[in-house]
Amino acid sequence: MKRFGIQLKSCDRDMQAVRKAIIAGSFANSCHLEEYGQNGMYKTIRTSQEVYIHPSSVLFRVNPKWVVYQSLVSTDKHYMRNVIAIEPSWLTEAAPHFYQFRTPNPAPH
């Protein structure tokens, strides 16, 4: 930050600002909890892949509705590592180009 002349500024205890900063770099790794899925199953937004929170995570039994992860570990299942709980609205704030809704092209006349 200093090398680029950007002033360092503390977020104090505003953890929402920290989580939004993480989303800015990892928005494509977002997942939502499948309401009717198997025990704690999430689906990735980008590819609808089935993933689970890693058992060593503090969020393992919490199962927040929306999360962003840093990496996947594959064993018998695909497990998310370094997971944070998020609000879905933060995704469109961080990356509107990625989450914009597309409407089909009108049919030619």
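**View 1. Strand 3 and strand 5 run side by side in the parallel sense.**
In this predicted model, strand 3 covers residues 50-53 and strand 5 covers residues 78-85, with two bridges between them. Two strands count as paired if DSSP finds at least two bridges between them. Helices (H or I, at least four residues) and strands (E, at least two residues) are DSSP runs, numbered from the N terminus. Y52 stands opposite Y79 in strand 5. Residues are numbered from 1 along each chain as its sequence is written, and side-chain values use heavy atoms, with hydrogens and water left out. Because the model is predicted, local features need pLDDT of at least 70 and side-chain atom pairs count only at pLDDT 80 or more, while totals for chains, interfaces and linings use all residues.

The protein chain as a whole has three helices and five strands. Read from the N terminus, its elements follow the order α-β-β-β-β-β-α-α. The chain has 109 residues, of which 28% count as buried. Buried means under 20% relative accessible area, exposed means over 50%, and partly exposed lies in between (1.4 Å probe, protein chains only).

**View 2. Strand 1 pairs with strand 2 and with strand 4.**
Strand 1 spans residues 30-33 and pairs with strand 2 in the antiparallel sense over three bridges. Strand 1 and strand 4 also pair in the antiparallel sense, over three bridges.

**View 3. Strand 2 and strand 3 form a hairpin.**
These two strands pair in the antiparallel sense over three bridges, and Y42 stands opposite V51 in strand 3. Five residues lie between the strands of this hairpin, where S48 takes a positive phi near 60°. R46 is placed in the loop between strand 2 and strand 3. R46 counts as exposed because its relative accessible area is 52%. R46 and A28 are 18 residues apart in sequence, and their C-alpha atoms are 6.6 Å apart in space.

**View 4. The side chain of T44 makes a polar contact with the side chain of T47.**
T44 belongs to strand 2, residues 41-44. T44 counts as buried because its relative accessibility is 5%. The contact between the side chains of T44 and T47 is 2.9 Å. The T44 side chain also reaches the backbone nitrogen of Q49, at 2.9 Å. A polar contact is a pair of N or O atoms within 3.5 Å; within protein, one must be able to donate a hydrogen and the other to accept it, and residues adjacent in sequence count only if both atoms are side-chain atoms.

**View 5. Strand 4 and strand 5 pair over seven bridges.**
The pairing is antiparallel, and L72 stands opposite M80 in strand 5. A hairpin of three residues joins strand 4 to strand 5. N82 lies in strand 5, and its phi is near 55°, a positive value in a residue other than glycine. N82 counts as exposed because its relative accessibility is 53%.

**View 6. The largest pocket has N63 in its lining.**
The space in this pocket is about 160 Å³. On a 1 Å grid over the protein atoms alone, a pocket is an open set of points with protein on both sides within 12 Å along at least five of seven lines, and lining residues have an atom within 4 Å of a point. Grid points are joined across faces, edges and corners, and a volume is the space filled by probe spheres set on the points. The lining consists of N39, G40, Y52, I53, F60, R61, N63, K77 and Y79. By class, four of these residues are nonpolar, three are polar and two are charged. Ala, Val, Leu, Ile, Met, Phe, Trp, Tyr, Cys and Pro count as nonpolar, Asp, Glu, Lys and Arg as charged, and the others, Gly among them, as polar. N63 lies in the loop between strand 3 and strand 4 (66-74). N63 is not a glycine, yet it has a positive phi of about 50°. N63 counts as partly exposed because its relative accessibility is 22%.

Conventions:
On a 1 Å grid over the protein atoms alone, a cavity is a set of points where a 1.4 Å probe fits but cannot get out, and a pocket is an open set with protein on both sides within 12 Å along at least five of seven lines; lining residues have an atom within 4 Å of a point.
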